Amino acid sequence: MTWRNVRLILLREVRDQSRDRRTLFMIAILPLLLYPGLGIGMVQMTVLFSEQPRTVVVLGAEHLPSDPPLLQGDGINPAWFEDESDARTLAVVTDLPRSPNGDDAEDPADSGRDQAAARAAALLAEARPMRAPVRERQAIRENISRAEKSLSELEDRRAAAEQARRAAAEQDAEATRVHEGEVERIKREMAELSGRIQGWKKDLDPIEEKISELFAKTGIQVLIVVPDGFQQKIAHVNEKLKRRTLDAADEEDYYSGPTSIANRADEKSLIAYTRVKKAIERWERRILEQRLSYADLPSTVAMPVNADPIDVARKEQLSANVWSKLFPALLIIMAVTGAFYPAVDLAAGEKERGTMETLLICPASRTEIVVGKFLTVMLFSMSTALLNLLSMGLTGKYMASMAGGGAISRMGDLTFPGFGSLAWVIVLLIPLAALFSALCLALATFARSSKEGQYYLTPLLMVTLGLTVFCLSPGIEITPFYSIMPIVGPALLLRELLAPSGGSQPLIYAIPVLATSIGYSLLALWWAIDQFAREDVLFREAERFELGLWIRHLLRDKDPVPSFTEAGFCFVLIMLLQFAAFKILHAATVAGVDMLRLMMIQQLVIIATPALLMGVMLTTSPRRTFRLRMPSLGMLAIAAALPFVLHPLSFELQASLSWFFPPLPAEIARTLKLATGNASLWLVLLAFAVAPAICEEVAFRGFILSGFHSTRRTWLALALSSLTFGVMHMIPQQVFNASLLGLVLGLIALRSGSLVPAILFHFLFNALAVLHGRVGAEGAALPDWLQEGPATWFVRLSHQTVRYQWPTLVLAALAAIVLLRILVKPGTRADEAPAPPVPPAGASDARRTAGKPPVAVG
Amino acid sequence: MIHVRNLAKSFPDLRRGSVAALHPVTFEVRPGEIYGLLGPNGAGKTTCLRILSTVLKPTGGAATVAGYDVRTQPAEVRARIGFMSGNTGIYDRMTAAEMVEYFGRLYGLDEDRLRQRVDEIFEMLQMNEIRDLLGSKMSTGMKQKVSIARTIVHDPPVLIFDEPTSGLDVLVARAVQQAIAALRDQGKCIIFSTHIMREVEKLCDRVGIIHRGRILAEGALPELEDRYGEPDMEELFFELISRHDRELAEQTA
């Protein structure tokens, strides 16, 4: 690759794009216009749109106590709102006689007032029919609460009678009988009372139904119905308090308060109800304070805890919070869109305009072409993202300075983050833009036309948006595990760096985030280059696609081993089945033997069956696909020895990396425990070692590895098969572990050309893990000779787990290196499955005989 | 300069399985001669020329161009050929001069040499008046001139033309033919595909008649006429093709 050509292509593409009005508009003009435009729109909206007042109707307002008054003038007393202006957001209509205004017939506001009066009258007319059912409901509820009170009295009496009966039982048989009769009578009475309460409660349902029906017909957001004589009842209790004649058993103390009706499913109603509820609470508090003073009690009695919050957020922190959420999200979304349109134009557009072949026949290599195009796309992606941020930031700042105390300032002060944070924005934008650019370029290269290219935007954007939303969710913060995830890592790191509390602590994540992001970008770039090197992608012609035709093609043009795509499809199928079965497996409350049986069925149905079926249907040689041949004894020996040296290494590696992974969800941990808990060892071995060894090997080292290896890229096939094997395990810890083991298993399968050693290895490895877990769980079962003397150099029991000491690990590592070297060394390679038969000249099997075979990725 | 030996290419096809676009073909082209690949549409001409230009990889056989293997030394090959076909369009948002200069630079010409070549070619093809015209504003004839200029900017010893005159009016087609003839006179090795008999008769020193991915007959025009006793090129062409189709039909029957 020479940089001269890359630079030439880059410069040309940039010039080409900057001559394209659409691209320029999308990338430069749109962001510069969009945010100020949005800002103007927002100002207009806030000026024009003030919150519509919500209608609150109060029926029976004359029964409200006058001191302290809930209502004042036309509305609820502003004193009961935290923000007095909130009172204006509620339009209150009462059934109080309207105060006669000075009858100036010439008053220009008169007609308006008439209108308002007419509206109020209409609302009241709508509300009044609800009064009767509300009263009815109140009466029933009063009955219920009275009955409940007597029920609890009866309960006390019953307890007393029982005690008396027990006391009498020792001396007097006659008295006992009397007491027993008493208890029986009370019990009967209670049963009857409970029955009545149940009946009343049932009566409530149709009434509430009716109220809701009537309420839905009105335009009222909240209806308050004050019961008759409410004022007198409050005054009555107040009077008693003053005279100190109130006692707990007083029947008259129970009275119904105002009923408020609202529909919480309706947002308008909910907002109004929340405000009314708060106002009533404050009002009630005032009444309580009044009562306390009548009773000569300090007002603090009502606040026994009196918690006192302090909010230490400073103004600039609040603003930083706004940016720390907005910037990463905007950066990611704009980096995608900024990359996408140029990428489609540069790849699919070039195909469409017929200049692709012109470019392909120039001496620049395909890598140079792709890198040149990639850098162009990345440049546009970064400029789009930065221009958007800049434009949005400046607009926000300007708006904030203009709006003063408006609604925007409530979001927090919108001062720009400092230079240090902005530098980080740029640093993290580079890998993000690189990843998106390479992905978009690969997709766009695959597309036949710009139109087809546009179709790929939606899935890409959906995935990106999903990850962005995930990063924005409160409570998600950067962890070692998240830091190595694509997109999520940079986004969370940026959020942390822009957040006010972010000091130097998140900086330790900068290295893993940047390193992995660059790694992902390179992978994506490699994919793009690979796409570009494929003739079937570059010269894709519009083919009529018919499902039937395609299936016939699959069944007719079979190869001895599955194709790359078929292997990928098999994996996707297994994952989908796993996903579908996830619920069954984890919702199941079965334990022990049933659990184990379920796991075996899962292995058979979800993992082995799809691979076997596909192998039989889509290949001409299931024997070769599943590597069904006798391995050499040497290979068997290596496969048998490796688990014993790898088990301690793998276990300790996983233990030492436990900080890195998110903790296991409690459910899964419990399931694992349940499954292994008290079943017999043989069954556990069957479920955890035998079944996976056979089923997973058939699928992953059989069908999938054979398919990935059909393009003869050994290391790619190994890496992909072990990655898919890892991903299939779902739980992050196992994904990591299984991926590493997948490499070893893949090596064994490829070198021996047989599935048998891989199955053997897999079985032994899993069996060792099971045994290891067992020994630990039973604790004392560790034989004495292992607990003392030289054995303690090698193993140690800690927290019910057998831990391997470093001498064990060193020995195991040495042995593993020796064994793996034998495996990797090409000289010892057991002959692989025989070379594919040479096809009749030029007839079929184009891929295999080509010098550098193309490969499908993804 | 061009040696093609048993070159074969097959594509996977959804409908028919693997399809052989090119059965093993063998021919060679010497410097200072124009070799014509004559065949109907879909005969495998484009596939063959795309393999020679290293855009496609052969699935069998070998080909060397200017002494370099198309499979193992594609960059070397590309640096020594000029390739033009109906599919090699020009960029809409570049002027004629920019387009030619861009490719000149990609071919590694230094700036002095580039300026000299561009002036020379623009003079020769009489395209000075479209020098600063954007591709999107050009007529088909102008575009074709730019394509030719692009093809020869680096003065390659081997030139590959895939139906260069298809879709052109008589005047432009004639200009293209004259340009190709002039290039032959400079001693270039030229391979040229077409389905137009007149062009073959006028330009080609030798022809290969290609049909269904096979070369049915090959040689200088008089030689072919002698061999098949058919003085009319068009008749000869039809005769060969229909005979081949008959043979195929008999084989499958």
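Helices (H or I, at least four residues) and strands (E, at least two) are DSSP runs, numbered from the N terminus. The model is predicted: local features need pLDDT of at least 70, side-chain atom pairs count only at pLDDT 80 or more, and totals for chains, interfaces and linings use all residues. Residues are numbered from 1 along each chain as its sequence is written, and chains are lettered from A, ligands numbered from 1, in the order in which they are written.

The model scores ipTM 0.91 and pTM 0.72. Confidence in each residue is given by the predictor as pLDDT, from 0 to 100. For chain B the mean pLDDT is 88, and 98% of the residues reach 70 or more. Where pLDDT is low, the predicted coordinates should not be read in detail.

Chain A contains 31 helices and eight strands. A residue is buried if 20 or more other C-beta atoms lie within 10 Å of its own, exposed if 12 or fewer, and partly exposed in between, with C-beta atoms placed from the backbone. Of the 858 residues of chain A, 32% are buried. Two residues are in contact if their C-beta atoms, placed from the backbone, lie within 7 Å. Among chain A contacts between residues at least 6 apart in sequence, 80% join residues at least 24 apart.

Helix H23 of chain A covers residues 633-656. The expected span of a helix is 1.5 Å times one less than its number of residues. H23(A) has a kink of about 35 degrees at Leu646(A), shortly before the proline Pro648(A). The bend at a residue is the angle between axes fitted to the seven residues ending there and the seven starting there. Leu646(A) and Pro648(A) are both buried, and other buried residues of H23(A) include Met635(A), Ile638(A), Leu642(A) and Phe651(A).

Two loops of chain A hold backbone features. Arg627(A), in the loop between helix H22 (622-625) and H23, has a positive phi of about 50 degrees although it is not a glycine. Arg627(A) is buried, because 25 other C-beta atoms lie within 10 Å. Pro68(A) lies in the loop between strand E1 (54-59) and strand E2 (71-72). The peptide bond from Asp67(A) to Pro68(A) is cis, with omega near -5 degrees.

Chain B has nine helices and 10 strands. Its radius of gyration is 19 Å, close to the 18 Å of the globule rule for 253 residues, so chain B is as compact as a globular protein of that length. The radius is taken over C-alpha atoms, and the rule is 2.2 Å times the number of residues to the power 0.38. Of the 253 residues of chain B, 44% are buried.

Helix H5 of chain B (residues 140-152) should span 18 Å, and its end C-alpha atoms are 19 Å apart, which agrees. H5(B) is mostly covered, with 10 of its 13 residues buried. The cover includes strand E6 (81-85), helix H3 (96-106) and helix H6 (170-185) of chain B. Asn6(B), in strand E1 (residues 2-13), has a positive phi near 50 degrees and is not a glycine. Asn6(B) is partly exposed, with 15 other C-beta atoms within 10 Å.

The contact between the chains takes 32 residues from chain A and 37 residues from chain B. Helices H1 (3-18), H10 (356-360), H19 (547-556) and H31 (846-849) of chain A each supply at least two residues of the side that touches chain B.
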